[in-house]
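Please describe how the two chains of this model are arranged and what joins them.

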There are 2 protein chains.
Amino acid sequence: MGGQSCLGGGLRSLSAFLFLLITDRSHIWTSCHATKPDMLNVHLVPHTHDDVGWLKTVDQYYYGDRNDIQHAGVQYILDSVVDQLLKNPDRRFIYVETAFFYRWWKRQDSSMKQTVQQLVNEGRLEFVNGGWCMSDEATTHYSAVIDQMTMGLRFLNDTFGVCGRPRVAWHIDPFGHAREHASMFAQMGYDGFFFGRLDYQDRYQRMMQKEQELLWRASDSLTPPMADLFTGILPNGYNPPDGFCWDQSCSDPPIRDDPDLEDYNVDDVVKRFLNIASAQSMVYKTNHIIMTMGSDFQYENANLWYKNLDKLIHYVNAQQDLGSRVNVLYSTPSCYLQELHRANLTWALKTDDFFPYADDAHDFWTGYFSSRPALKRYERLSNSNLQTCNQLEVLGGPTSTNGPFGKGDKKAMAVAQHHDAVSGTEKQHVANDYARRLATGWQHCQVLVSNGLAVLSGSTAQRFYCDYLNISVCPLTESSKKVTQTHTFYLYFPWDNVYKVCLYTTITATITDYNNSNNNILFSCLNPVCCVFRYNASDGNNSESIQPSGAYIFRPNSSTPFLISSTAKTEFIQTSVVQEVRQWFSPWVSQVVRLYAHSRTLELEWTVGPLPIHDDLGKEVITRIDTSIESSEIFYTDSNGREVLQRKKDFRPTWHLKQSEPIAGNYYPINSRAYIKDDVDQLTVVTDRSQGGSSIHNGSLEIMLHRRLLYDDVRGVAEPLNETSAIFPEGLVVRGRLLLSLDRPASAADKHRPLAQEMVLQPLLTFTDGDLHPDAKLEFSGLQAALPPAVHLLTLTQWDAQSVLLRLEHQFQSWESDVNSKPVTVNLQTDKQTNKQTDKPWQKHNLLGVGGPTGGATDQPWRSVRWQVESDTVYINSVTHTHTHTHTHTH
Amino acid sequence: MGGQSCLGGGLRSLSAFLFLLITDRSHIWTSCHATKPDMLNVHLVPHTHDDVGWLKTVDQYYYGDRNDIQHAGVQYILDSVVDQLLKNPDRRFIYVETAFFYRWWKRQDSSMKQTVQQLVNEGRLEFVNGGWCMSDEATTHYSAVIDQMTMGLRFLNDTFGVCGRPRVAWHIDPFGHAREHASMFAQMGYDGFFFGRLDYQDRYQRMMQKEQELLWRASDSLTPPMADLFTGILPNGYNPPDGFCWDQSCSDPPIRDDPDLEDYNVDDVVKRFLNIASAQSMVYKTNHIIMTMGSDFQYENANLWYKNLDKLIHYVNAQQDLGSRVNVLYSTPSCYLQELHRANLTWALKTDDFFPYADDAHDFWTGYFSSRPALKRYERLSNSNLQTCNQLEVLGGPTSTNGPFGKGDKKAMAVAQHHDAVSGTEKQHVANDYARRLATGWQHCQVLVSNGLAVLSGSTAQRFYCDYLNISVCPLTESSKKVTQTHTFYLYFPWDNVYKVCLYTTITATITDYNNSNNNILFSCLNPVCCVFRYNASDGNNSESIQPSGAYIFRPNSSTPFLISSTAKTEFIQTSVVQEVRQWFSPWVSQVVRLYAHSRTLELEWTVGPLPIHDDLGKEVITRIDTSIESSEIFYTDSNGREVLQRKKDFRPTWHLKQSEPIAGNYYPINSRAYIKDDVDQLTVVTDRSQGGSSIHNGSLEIMLHRRLLYDDVRGVAEPLNETSAIFPEGLVVRGRLLLSLDRPASAADKHRPLAQEMVLQPLLTFTDGDLHPDAKLEFSGLQAALPPAVHLLTLTQWDAQSVLLRLEHQFQSWESDVNSKPVTVNLQTDKQTNKQTDKPWQKHNLLGVGGPTGGATDQPWRSVRWQVESDTVYINSVTHTHTHTHTHTH
């Protein structure tokens with residue numbers, strides 16, 4: 001053993017463990033190898049990057065199936081790494097993706113489990129990041145990211161205890177980095193964050209200024225240091241330095257150190273390594289540098305890596321006797337981070353984010369913000385369904401889980417957060433697999449929802465789910481049985497001041513008034529200030545760069561989009577419920593502009609596809625809203641559906657941008673909303689899925705709806721993004737909604753915050769084929785009183801048989817609302833005497849109390865998983881609006 | 001453990017081991033898994049096939065270097081297999097190539113060595129074949145094959161003792177099989193022989209008749225069963241059955257047996273396996289079948305294979321409870337062979353060989369018989385030099401080994417026997433590596449030869465070696481120093497009744513008479529019955545087949561060769577030593593027809609190249625000798641330089657041939673000689689290297705000299721055989737000699753046997769740059785008396801510090817000479833009283849005695865390595881002419 005263990009060699013008692021939790025964490029990491037203060041210390045970090053689906057499905061990757069597509073088998077990686085760690089106690093390994101680790105773990109016998117626990121205890125195997133997957137940062141919604149992180153971290157906690165706790169967030173591959181992700185990681189208690197991809201101009205400046213290591217202040221609303229996170233940019237993406245890749249997938253020369261054989265190369269290897277280490281040390285601040293020794297699905301045969309790394313360390317360090325000042329060691333990101341911490345330096349401060357990501361002048365990774373729009377919507381819808389399901393499991397009680405309901409739906413959502421899943425950068429067959437998993441998960445959820453509704457309503461009438469209502473297909477209405485009445489079920493989630501669950505009310509019953517005043521400006525965009533355009537995609541046949549547009553990259557072949565049509569076939573419909581304008585711009589672009597009674601929100605329902613490709617040009621379709629707002633090239637986009645960041649055309653806050661792509665280089669991810677504003681007006685667009693968008697002109701906001709491309713963009717997926725299906729053999733047709741809200745800037749957030757939550761958590765419809773029993777309950781709420789408007793119920797889900805997980809959050813940014821950007825207090829106190837009332841589930845579940853605003857939680861290692869409950873009141877401060885308060889309560 | 005060990009669990013004592021040697025061998029193999037007599041037993045044999053050079057050099061293969069060319073690293077294979085064998089005692093592995101195992105072994109620590117010894121003792125790791133390499137069968141000479149087998153087997157014996165002894169010869173890849181190889185294997189004591197490649201028509205008939213397992217009677221002269229060898233033809237070459245390749249290099253679906261994951265496929269896998277096993281059992285005789293679970297350089301990550309094989313065995317055998325009659329087990333070729341032995345069947349008898357090999361109608365692997373003619377000659381010359389070196393080490397005594405002389409030269413020759421080395425089927429850079437190794441080995445040998453000659457001559461005058469005399473370059477003659485006299489050193493090896501070592505005689509001194517009578521017929525071939533032709537190579541652009549000619553495959557695009565020229569520029573030279581006709585047929589084909597004084601042998605010295613390719617046609621150049629001999633489409637070729645087999649045009653002895661390639665389908669390997677004959681005359685051609693040849697017409701004999709091809713023949717080497725070099729940028733120029741002897745058939749062997757040995761073991765010239773001291777000895781013989789003409793001294797080499805290895809053989813086939821095909825007795829008795837006479841090395845080395853004809857040796861496991869010495873006389877029977885009598889004598 002090269003050091004002490006996470007638990008001091010596994011000898012410390014549980015009480016020691018509890019003690020450690022409230023002491024300096026660095027004491028825990030005594031398993032790190034010693035470094036030499038007077039030398040350049042090179043931290044070699046053996047690692048594998050295992051995509052939870054990309055070119056192959058997650059299960060194909062796990063098994064090593066379809067190696068004809070890509071050679072990768074995670075089961076073998078874990079087998080092999082454990083074997084090799086046992087061969088030399090100096091060796092280290094980090095593992096990241098719990099979706100894979102879980103699959104592997106449950107197939108191991110107890111002896112192997114014990115072995116792995118020991119490796120974890122001794123710090124030889126270290127989990128980093130530890131979520132179910134390494135989520136995408138541009139196209140995910142924070143609620144789903146928190147869920148997938150919870151799933152992964154919980155598994156590690158349950159399995160390995162404190163020694164399995166990841167200390168470092170590790171997002172080496174996502175294509176740009178969201179501030180909200182850093183904020184979440186900080187709030188989850190990570191000590192640092194490492195990634196590999198950032199804009200090439202940004203990196204160059206940071207190298208010159210030794211600012212590749214920095215402090216990211218990841219919220220403008222949380223009180224520092226609540227969302228502060230040390231952030232390190234890795235030197236070679238996540239690859240080893242040139243010439244030092246010893247995986248089976250590489251072709252670099254192994255260390256040939258048998259003098260009896262040909263081509264003895266130890267001297268050459270050592271010399272090359274020392275040169276690389278010296279060069280790298282020039283662009284980092286301390287006398288410690290890190291090298292990622294691994295890459296995609298590497299270490300399937302870990303012996304190749306370790307055998308050569310052992311030799312490298314041996315021969316390079318042997319040079320110290322000859323005067324070398326370089327010390328090489330096996331390490332982990334935590335151990336590296338500990339050394340940086342000890343250096344006690346001040347790091348550069350960063351308050352914006354790392355979007356967009358470009359790896360060259362014409363290579364902006366801004367296409368995937370919109371790639372696979374149907375999958376992006378289905379993922380968002382699935383999250384809504386899953387939250388419904390989770391809440392009904394709690395509200396409906398144990399009976400609701402009768403049936404095939406498992407954790408498959410949660411897992412399907414968790415893997416869908418992967419940076420090649422909802423991002424749309426996977427192969428078509430893999431996209432199909434993600435969708436199928438979501439569908440299967442939903443099938444299971446339907447059983448639970450039916451069970452839960454039966455409990456809550458007192459009616460066991462069979463419920464039907466019409467999953468194909470979007471194409472006007474419902475098994476119920478198509479059955480031969482006479483349908484006398486269609487009941488519509490609204491499950492209201494806590495948004496827009498309505499915190500009740502409503503059962504069995506018809507759709508018309510919700511609409512009692514009709515008022516479309518104040519929408520005049522919005523309607524002006526029909527003539528045609530709000531119109532649909534297309535960019536033609538670059539095919540790579542270009543004098544400046546051969547980069548085509550593809551699943552990752554957005555590169556229009558001209559900066560001027562083409563109007564689809566200056567005229568449209570138009571119908572106007574007006575009822576007591578809704579008025580709508582139906583527009584057909586072309587056979588493949590139509591739009592319904594819709595205004596509901598009682599609503600001040602204009603809905604644009606767009607239908608795009610199949611995109612024509614007979615001209616051999618890929619198409620990228622945008623909707624563009626041109627207004628008279630004096631936005632001064634400034635616009636705003638949200639980060640993962642939570643905080644909103646300011647954007648400015650052709651500008652980056654921390655470096656002087658040389659803009660080379662006038663359109664693609666100004667695109668940003670829009671997860672839930674974007675807006676432009678001036679002193680008088682703010683136009684907010686709320687989206688139903690993640691999309692890319694920008695403001696290229698003053699007063700203008702454009703959002704990309706659909707993309708169809710004919711060339712692969714040479715980032716590995718090796719397929720053009722050209723979606724077809726059995727239903728749409730001529731090309732995918734996609735439909736979606738944008739909600740437009742025009743408000744005064746000072747009060748706009750009061751509208752768009754609940755509006756966006758309404759989009760994220762939409763009502764779920766169930767149907768019955770007959771009248772309900774008169775005694776059936778038609779309404780139910782799990783709350784005794786409405787939550788304050790600023791407070792959002794983020795999570796309510798069964799944790800285990802004895803406890804449920806409740807997360808509340810303040811949903812307003814500190815500066816965006818005069819009314820709502822204030823601290824609020826929520827009293828969740830329950831009346832224990834009415835414990836048996838089944839219509840008061842929080843009583844029934846015996847919610848024990850509520851913790852202080854941050855009290856007690858800071859030092860808890862698994863902060864993201866469960867929040868310590870200490871009292872009966874939650875103080876939710878406006879500046880901690882993104883701070884999820886997670887409560888457990890037990891039966 | 002699934003059974004007892006090779007040594008009964010390692011508990012048996014050395015005396016038990018000695019006892020076992022003379023008992024039924026099958027008792028040793030108690031480590032084999034139990035089989036089920038009432039079921040079909042499927043023997044799964046995990047194995048790797050590790051070419052000792054092919055697309056990469058032998059050391060590149062060992063290290064896993066240049067994985068860009070081919071992914072292969074033998075060091076990792078052995079690391080991984082040992083690891084995996086330890087994980088499950090049921091698992092088995094066989095290893096073949098000692099050249100690689102040796103490299104690995106010497107880098108292991110004592111703990112690993114102990115582990116491996118244990119695996120070997122328990123029969124979990126079994127060595128098969130065990131030579132330094134898996135030699136080529138078509139282009140090797142038996143003396144070099146015996147040497148390389150000795151080197152490998154000796155290493156295994158020294159390292160592992162009896163448990164390391166290979167019981168089975170395993171030539172799964174060579175491209176056709178020589179009878180002499182089978183004979184050698186039988187004489188070396190192997191219990192059986194397995195291979196993978198044979199003519200597709202032959203295989204089809206054998207499948208139909210269940211004759212893929214047979215008894216090969218591999219000599220027409222040795223008394224049966226001395227050269228009888230059980231021979232098994234493997235079902236899938238050496239690959240696993242379709243769909244069951246689980247190496248990292250394969251893409252077959254792994255067994256997906258986690259019901260929670262996608263694509264559970266256990267039922268499908270089991271069904272497919274049972275179908276394959278059933279089909280295979282239809283074409284073999286017993287209720288045991290073998291499946292080779294491995295292939296080229298597989299098991300680098302053995303976990304992939306074993307994990308799936310474990311599951312396969314588990315799930316297939318689980319079907320027995322449901323009525324399945326198939327039993328799958330880990331096995332080895334020895335264990336499989338033991339079961340066949342127990343079946344007690346009579347096998348079909350085979351007395352010819354397995355040449356030529358075709359894998360389809362137009363795909364005859366007869367090109368490699370002649371590929372890389374320069375390398376083939378250099379290998380043969382190197383063997384001659386090595387034998388000189390070996391003998392002088394013995395004769396010169398310990399002083400001769402002062403200097404850098406190691407075993408490198410022996411190893412260079414050993415690896416050159418590999419079936420992608422001397423065969424000419426390797427990539428160009430690998431061919432260069434073999435040649436460089438041979439050159440380096442020879443550099444070391446030169447030191448020993450100089451030392452040895454200094455001892456024997458009593459002169460320490462510096463000796464020079466003129467390695468480039470073939471291009472008339474010698475450092476000695478080109479040095480600025482005045483050269484007063486060139487001394488020529490002849491080291492005569494025991495051929496042609498001359499068994500003496502002659503020192504310092506000039507070349508003219510050996511020629512005292514001049515008589516060229518009886519050579520009239522031969523001279524008739526000058527006008528032009530003996531001429532040079534070329535075939536144009538098929539380029540694959542052909543309606544019958546797209547097969548081009550290449551390194552392996554010979555496929556002329558027409559069956560009629562083109563005469564290079566009907567006229568030649570000619571010079572005639574006559575001296576007292578030699579008369580010669582020099583012929584220039586074209587700028588790239590010339591020939592010297594030479595007749596030395598005192599000789600009845602006509603020498604054709606051919607010079608061919610650079611072959612022109614400006615017409616985009618590959619060329620294959622033959623020399624053809626057309627005579628009036630009534631050969632009736634019958635001709636004779638030797639097998640590995642030893643026994644001669646009869647060939648007949650368009651005919652195979654054991655099946656009705658459907659001939660589809662009139663030329664290539666009649667080509668056979670010629671290692672040392674070929675002849676045609678009638679009742680009156682026999683024309684024998686002795687070659688200076690291995691070449692392909694045939695008799696296409698009555699009285700005609702053709703031999704392929706050189707090949708230059710423009711297309712790869714799609715057998716893996718992925719290079720056209722288009723040799724150029726720095727010296728020959730326009731294409732390789734090759735020179736060689738054919739010796740033609742015209743004799744009466746009854747006495748022809750009396751000429752060609754010694755003539756061929758003279759070609760194989762040629763004199764080695766050394767030079768000094770001044771007069772020798774008058775006291776220097778000019779002659780020396782290690783023999784007290786000449787050996788009988790029938791007896792050939794095959795080997796004389798130092799075995800270790802205390803003993804030397806001596807092999808004598810009867811070199812005549814039983815039917816070929818009235819005079820010499822008789823038993824002979826050699827008395828090697830030494831006078832122990834004159835022990836100290838340094839000019840009588842056999843006395844000096846205290847030769848202890850000589851064994852009986854076969855006595856004692858039959859049951860000795862390592863028969864090929866050392867022969868038991870029991871008395872002072874060797875009885876060498878004519879029918880045992882190929883039986884090498886190997887003697888050890890100690891100091």
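## Symmetry of the two copies

Copies are superposed by least squares on the C-alpha atoms of residues with pLDDT of at least 70 in both. On this basis, chain A can be laid on chain B with an RMSD of 0.1 Å by a turn of 180° and a shift of 0.1 Å along the axis. The two copies are thus related as by a two-fold rotation axis. Of the residues of chain A, Asn301(A) comes closest to that axis, with its C-alpha at 2.8 Å.

## Basis of the model

This is a predicted model, in which local features need pLDDT of at least 70 and side-chain atom pairs count only at pLDDT 80 or more, while totals for chains, interfaces and linings use all residues. Residues are numbered from 1 along each chain as its sequence is written, and side-chain values use heavy atoms, with hydrogens and water left out.

## The interface

The contact (heavy atoms within 4.5 Å) takes 40 residues from chain A and 40 residues from chain B. The buried area, meaning the accessible area (1.4 Å probe) that two parts lose on being put together, summed over both, is about 3500 Å² between chain A and chain B, and carbon and sulfur atoms give 41% of it. Tyr63(A), Leu261(A) and Glu262(A) supply 18% of the area that chain A buries against chain B, more than any other three residues.

Between the chains there are 16 salt bridges, each a side-chain nitrogen of Lys or Arg within 4 Å of a carboxyl oxygen of Asp or Glu. One of them joins the side chains of Asp260(A) and Lys106(B), at 2.7 Å from N to O.

Note on methods: Chains are lettered from A and ligands numbered from 1 in the order in which they are written.
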